[in-house]
Amino acid sequence: MYIEIETKRLKYELDIKGKYSVIQGDSGSGKTNMCRLLQQKLTGDKTVKVTSSLPVVTIAPFDNGSGLQGIQNSIVIIDENYKILREPDVASILQKSDNYFIIIYRKNLDFLPLCVENLYEMETNGRVHWIRQKYTVSGIKDFNKIKHIITEDKASGWEFFQEQAAEEQLKDKINYSKGYLPNCLKRNSLCNTCRQIDTCQYKHHMFKPDIHINEGTNRMEAF
């Protein structure tokens, strides 16, 4: 969603996605002033122009969240000194709302399910202010080029990336698709428990020479 907030002296250009976006940045980069301009707009100041596919609003700094009940299907910009962000149930208040939120917050925001792609920094050249993603998400799926992967835990988190790596390898080796793989590869089962081991095309390299059985783990692997 593209947003422009503009006066004769200042202009803000925001391009966001998702329910929550957080804007960070150094002091003096114009973040708080953006909320002030919206407050002026709500009081009838016609010098502030807002262009967006959805209404762009803010709430009163002293509002504890009750003001959101009268706002629907809008983009709500909240500054870090607003009272709502100090409420103990702020996460529940925002999640129950059907609005989108842009939150100006210099610290780490640990009370919302925030995607790293929705974390931005504000930059300015004096008049024009814009945002850019704070972190670059590479989207690399070539696991041969990745040296380290940090997971939340060593159980499901590690298993997820292990499966992703296996899928990428198998895709290159045997034109992988989920409906194409035999059941043994889908279940990651032990080869010596399979009733068809004697006629297995994978084990005897009849199907593709790059698929082998690891004698140490007794499992199928792609090389």
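Predicted model: local features only at pLDDT ≥ 70, side-chain atom pairs only at ≥ 80, totals over all residues.
Student: What makes strand 6 (residues 75–78) and strand 7 a pair?
Tutor: They run parallel and are joined by 4 bridges. Two strands pair if DSSP finds at least two bridges between them, so strands 6 and 7 qualify. Within them, Ile 77 stands opposite Ile 102 of strand 7. Strands here are DSSP runs (E, at least two residues), and helices likewise (H or I, at least four), numbered from the N terminus.

Student: Why are strand 4 (49–52) and strand 5 (56–58) called edge strands?
Tutor: The open sheet has 9 strands in the order 4-1-2-9-8-3-7-6-5, with mixed pairing. Strand 4 and strand 5 each pair on one side only. The average twist from one strand to the next is 25 degrees.

Student: Why is the pair of Tyr 20 and Phe 101 called stacked?
Tutor: The whole structure holds 2 aromatic pairs. Rings of Phe, Tyr and Trp (its six-membered ring) pair if their centres lie within 6.5 Å; planes under 30 degrees apart count as stacked, over 60 as edge-to-face and the rest as tilted. The centres of Tyr 20 and Phe 101 are 6.3 Å apart and their planes lie at 20 degrees, so the pair is stacked. It links distant parts of the chain, with Tyr 20 in strand 3 (residues 20–24) and Phe 101 in strand 7 (residues 100–104), 81 residues apart.

Student: What makes the pair of Tyr 105 and Phe 111 edge-to-face?
Tutor: Their ring centres are 6.2 Å apart and their planes stand at 90 degrees, so this pair is edge-to-face.

Student: How do you know whether Tyr 105 is buried or exposed?
Tutor: Buried means under 20% relative accessible area, exposed over 50%, and partly exposed in between (1.4 Å probe, protein chains only). The value for Tyr 105 is 17%, so Tyr 105 is buried. Tyr 20 and Phe 101 are buried as well.

Student: Why is Phe 161 called partly exposed?
Tutor: Its relative accessible area is 29%, so Phe 161 is partly exposed. Phe 161 belongs to helix 3 (residues 156–174). Phe 161 and Ile 150 are 11 residues apart in sequence, and their C-alpha atoms are 9.9 Å apart in space.

Terms used:
Residues numbered from 1 in each chain as written. Heavy atoms only, no water. Axes fitted to C-alpha atoms, helices over the stretch in contact; angles between N-to-C directions.
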